Amino acid sequence: LMIVVAIIGILAAIAIPAYQDYIARSQVSETFTMVDGAKTLVQTNLEQNSCVSTTVADNTIAGKYGTLVISGTPATGLTDPTASTGCVLTYTFKTSGVSSNIAGKVVAMNLNGNATLRKLPATTVDVKFLPKSFS
């Protein structure tokens with residue numbers, strides 16, 4: 001019986017950190033779901049030569065685990081679709097109710113002309129929780 005309990009303890013010691021990382025990655029995925037929806041709003045705003053909406057409330061989107069804020073100044077004379085539009089999307093995680101691995105951390109990104117995202121140095125979330133395609 002003690003051997004079985006010891007084996008279960010060892011398995012739990014391995015499984016718990018992996019599970020916590022899984023939870024953090026799933027909560028970080030909300031960031032990119034919200035950003036996908038915000039891309040349309042930003043592209044519409046860019047047609048008016050602005051990254052942000054004239055309706056201030058549209059520039060802040062609350063999610064279950066944090067808040068997405070749209071900001072920035074649009075770049076002028078863009079010819080390269082992979083160049084930054086100048087629009088910045090910043091998702092800040094809540095300090096409670098989320099995984100301790102990401103609580104209070106930030107994912108900051110530029111929106112490029114072809115609607116792809118580029119990670120900014122202001123990102124404080126550990127790389128292992130971000131999607132592999134996010135660079």
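Visitor: Which cysteine is joined to cysteine 51 by a disulfide?

Guide: Happy to start there, keeping in mind that this is a predicted model. Cysteine 51 is joined to cysteine 87, with 2.1 Å from S to S.

Visitor: What makes that pair a disulfide?

Guide: The cut-off is a sulfur-to-sulfur distance within 2.5 Å. The computed value is 2.1 Å, so the pair counts as a disulfide. One disulfide is what a search of the whole structure finds. In general terms, such a link is a covalent bond between the sulfur atoms of two cysteines.

Visitor: Where in the chain do the two partners sit?

Guide: Cysteine 51 is in the loop between α1 (2–46) and β1 (60–62), while cysteine 87 belongs to strand β3 (residues 84–93). The two are 36 residues apart, and the pair links distant parts of the chain.

Visitor: Why is this disulfide called left-handed?

Guide: The torsion about its S-S bond is about -85°, so the disulfide is left-handed.

Visitor: How do you know whether the two cysteines are buried or exposed?

Guide: Buried means under 20% relative accessible area. Cysteine 51 has 0%, so cysteine 51 is buried. Cysteine 87 has 1%, so cysteine 87 is buried too.

Visitor: Which strands pair with β3?

Guide: Strand β2 (residues 66–72) is joined to β3 by seven bridges, and seven bridges also join β3 to strand β4 (residues 106–112). Both pairings run antiparallel. Pairing needs at least two bridges, so seven are enough to call β2 and β3 paired, and likewise β3 and β4. Tyrosine 91 in β3 illustrates both sides: leucine 68 stands opposite tyrosine 91, and in β4 the bridge partner is valine 107.

Visitor: Why is the aromatic pair of tyrosine 91 and phenylalanine 93 called edge-to-face?

Guide: The search of the whole structure finds three aromatic pairs. In the one formed by tyrosine 91 and phenylalanine 93, the ring centres are 4.8 Å apart and the planes make an angle of 70°. Ring centres must lie within 6.5 Å, and planes over 60 degrees apart count as edge-to-face, so the label follows. Tyrosine 91 is buried at 0%, and phenylalanine 93 is buried at 3%.

Visitor: What makes asparagine 112 buried?

Guide: Asparagine 112, in strand β4, has a relative accessible area of 4%, so asparagine 112 falls under the 20% cut-off. Leaving aside neighbours within four places in sequence, the contacts of asparagine 112 include Gln43, Pro81, Ser84, Leu117 and Arg118.

Conventions: Residues numbered from 1 in each chain as written. Predicted model: local features only at pLDDT ≥ 70, side-chain atom pairs only at ≥ 80, totals over all residues. Heavy atoms only, no water. Helix = DSSP H or I, 4+ residues; strand = E, 2+ residues; numbered from the N terminus. Buried < 20%, exposed > 50% of the residue type's maximum accessible area, 1.4 Å probe, protein only. Phe/Tyr/Trp six-rings, centres within 6.5 Å; stacked < 30°, edge-to-face > 60°. Contact = heavy atoms within 4.5 Å.
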